[in-house]
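Here are my notes on the fold, for you to check against the coordinates.

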Amino acid sequence: MNDIKLAVLGSEGVGKSALIVRFLTRRFIGEYASSSECIYRKRMSFDGKQMNLELYDPCSQPCEGQFSLNEQMHWAEGFVVVYDISDRSSFITAQAIVHLIRELHLGVTKRDADSVVFLVGNKQDLCHVREVSREEGQRLAAEFKCQFYELSAAEHYQEVALMFSKVVRNTSLNGKAKDR
Ligand code: GDP
Ligand code: MG
């Protein structure tokens, strides 16, 4: 059985929990308890193989026994770094996280196309109050060899599912490449 560990990282309020819950339940729920960190587990079949997917959803406020960002990064095999397109400060945080992942040499794959670091601009439905252009997101992703998505946990189930499927797929391929 394959185990896949993904960390979903980014500032408070960017929609990390919303994206995870959307992917796992197909539903968008407006508010989530943010007082506890959580690892969601899901068994899924992927390319005909059974997998145990673990998704780490950090809480924003410091809480007991919390993984540090460093521990979260070392635990994970794949990364979804989220910002909110209507909040520039969240983009700056995402930039710092992506930078740190690369500085620690995490998520390095043989081919850039198989990257296990995904940069996600969420809340695309708020594009009328956009503060971060799509091009800026693309540029940051290209600089750090990340896959790039702009989407909305609120409005797009298909895109959210596709994004998570790709990161699971790339992470599982990368794990196998390392085993050899
Ligand atoms: P987290 O702190 O990163 O886990 O963020 P949450 O998932 O708790 O979401 C923070 C707030 O943003 C909540 O009020 C959500 O309803 C809202 N939110 C999340 N995703 C979207 C989205 O795609 N569009 C809009 N308009 N709001 C969203
Ligand atoms: Mg949350």
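**Sheet, helices and core**

1. β4 and β5 pair in the parallel sense over six bridges (strands are DSSP E runs of at least two residues and helices are H or I runs of at least four, numbered from the N terminus; pairing takes at least two DSSP bridges). Across this pair, F79 sits opposite V117 of β5.

2. Bear in mind that this is a predicted model: local features need pLDDT of at least 70, side-chain atom pairs count only at pLDDT 80 or more, and totals for chains, interfaces and linings use all residues. Residues are numbered from 1 along each chain as its sequence is written, with chains lettered from A and ligands numbered from 1 in the order written.

3. The open sheet has six strands in the order β2-β3-β1-β4-β5-β6, with mixed pairing. At its edges, β2 (38–46) and β6 (147–150) each pair on one side only.

4. α1 packs on the sheet and touches β1, β2, β3, β4 and β5 (contact is C-beta atoms, placed from the backbone, within 7 Å). The direction of α1 makes about 155° with that of β3 (axes are fitted to C-alpha atoms, for helices over the stretch in contact, and angles run from 0 to 180 degrees between N-to-C directions). α3 also packs there, touching β1, β4 and β5, at about 160° to β4.

5. Which residues touch the most other members of the largest nonpolar core? They are V8, F79, V81 and F118, out of 42 (a core joins buried Ala, Val, Leu, Ile, Met, Phe, Trp, Tyr and Cys through C-beta atoms within 7 Å; buried is 20 or more other C-beta atoms within 10 Å, with C-beta atoms placed from the backbone).

Definitions and conventions. A residue is buried if 20 or more other C-beta atoms lie within 10 Å of its own, exposed if 12 or fewer, and partly exposed in between; C-beta atoms are placed from the backbone. Two residues are in contact if their C-beta atoms, placed from the backbone, lie within 7 Å.
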